[in-house]
Amino acid sequence: MKLKVYVDRLSQPSRAILIFLKANGIEFEEVKIDIVKRQHKSPEFKKINPMGQVPAISDGRFNLFESHAILTYLACAFPGVADSWYPSDLFARAKINSVLDWHHSNLRRGAATYVLHTVLAPVLGLQSNPQAAAEAETLLSSSLSTIESIWLKGNGKFLLGGFRPSIADLSLVCEIMQLELLEKKDRSRILDPHTKVLQWIENTKNATRPHFYEVHDILYRAKTRFQEQRLKRASNKTDSSDRLALPSKM
């Protein structure tokens with residue numbers, strides 16, 4: 001049976017899974033789970049992933065969820081995947097695992113929370129929390145510094161001094177890519193001080209092209225849509241202020 005991959009391309013971990021599959025020529029069926037429509041919480045999908053989250057896979061009668069577990073499984077289970085993605089060497093593999101474990105409680109928590117409270121909340125009709133956004137930005141900036149000081153040392157183009165990307169590179173870069181949704185000034189404030197991170201992102205894009213760009217197309221389109229909505233909200237506020245400033249006819 002063909003591998004089934006349950007994803008929403010608006011999900012950062014989903015994009016990492018798709019890019020990995022395409023870059024390694026693994027045949028699969030993409031099943032879209034629309035998280036905006038809350039399809040990930042449906043009884044049908046929860047038979048695949050009882051946690052009700054994307055991504056998830058079905059490989060025959062075997063179901064698996066959690067993106068890092070999926071990436072490691074795919075790297076080991078399918079022939080033809082380059083060893084550099086998830087090395088057979090135990091020590092190299094353990095170092096990749098350590099990066100992936102760190103990611104969840106640091107980079108992901110900072111990036112996802114910041115984007116939620118600065119970009120997504122107004123679009124989704126949720127209440128933004130400026131304090132949560134500020135705390136998330138601090139964690140995000142600290143995480144980017146950690147990546148540079150610990151895993152991007154030396155002459156390698158990728159994490160841990162590698163010259164080819166691993167599943168850790170793909171997972172973390174896809175996480176950072178959601179910052180594309182921010183206003184340009186905010187994205188520049190956060191990323192521009194981290195020149196090694198910016199170069200590493202470009203290296204990962206180039207190593208997985210054209211798949212990286214194709215899978216992220218939905219993110220770029222969402223960025224344009226959010227920019228238009230921000231401009232519209234700003235225009236509406238200006239119109240309201242102008243009306244309030246008009247002298248009374250009473």
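The model is a predicted one.

The domain assignment divides the chain into domain 1, residues 4-81, and domain 2, residues 85-226. Their C-alpha centres are 20 Å apart. Domain 1 brings 19 residues to the contact, and domain 2 brings 22 residues. Between the two domains an area of about 2,000 Å² is buried, with carbon and sulfur atoms giving 72% of that area.

Ten residue pairs are in polar contact across the interface of domain 1 and domain 2. On the side of domain 1 that touches domain 2, the elements that give two or more residues are helix H1 (12-23) and helix H3 (67-77). H1 provides the largest share of that side, nine residues. Sorted by class, the side of domain 1 that touches domain 2 holds eleven nonpolar, four polar and four charged residues.

Two salt bridges cross the interface of domain 1 and domain 2. Arg9 pairs with Glu214, and the closest N and O atoms of this salt bridge are 2.7 Å apart. Arg9 also forms a salt bridge with Glu30, in which the closest N and O atoms are 2.9 Å apart. This second pair links distant parts of the chain: Glu30 belongs to strand S2 (residues 28-32), Arg9 lies in the loop between strand S1 (3-7) and H1, and 21 residues separate them. Arg9 counts as buried because its relative accessibility is 16%, whereas Glu30, at 32%, counts as partly exposed. A network of salt bridges links Arg9, Lys22, Glu30 and Glu214.

In the whole structure, the search finds eleven salt bridges. Side chains of opposite charge can pair when their charged atoms come close. Glu175 is buried, at 1% relative accessibility, while Arg108 is partly exposed, at 24%.

Another salt bridge joins Glu180 to Lys223, with the closest N and O atoms 3.0 Å apart. Here too distant parts of the chain are linked: Glu180 is in the loop between H7 and helix H8 (184-191), Lys223 is in helix H10 (residues 211-245), and the two are 43 residues apart. Glu180 is buried, with a relative accessible area of 9%, and Lys223 is partly exposed, at 23% relative accessibility.

Key. Residues are numbered from 1 along each chain as its sequence is written. This is a predicted model: local features need pLDDT of at least 70, side-chain atom pairs count only at pLDDT 80 or more; totals for chains, interfaces and linings use all residues. Side-chain values use heavy atoms; hydrogens and water are left out. Domain bounds come from an automatic or database domain assignment. Contact means heavy atoms within 4.5 Å. Buried area is the accessible area (1.4 Å probe) that two parts lose on being put together, summed over both. A salt bridge is a side-chain nitrogen of Lys or Arg within 4 Å of a carboxyl oxygen of Asp or Glu. A polar contact is a pair of N or O atoms within 3.5 Å; within protein, one must be able to donate a hydrogen and the other to accept it, and residues adjacent in sequence count only if both atoms are side-chain atoms. Helices (H or I, at least four residues) and strands (E, at least two) are DSSP runs, numbered from the N terminus. Ala, Val, Leu, Ile, Met, Phe, Trp, Tyr, Cys and Pro count as nonpolar, Asp, Glu, Lys and Arg as charged, and the others, Gly among them, as polar. Buried means under 20% relative accessible area, exposed over 50%, partly exposed in between (1.4 Å probe, protein chains only).
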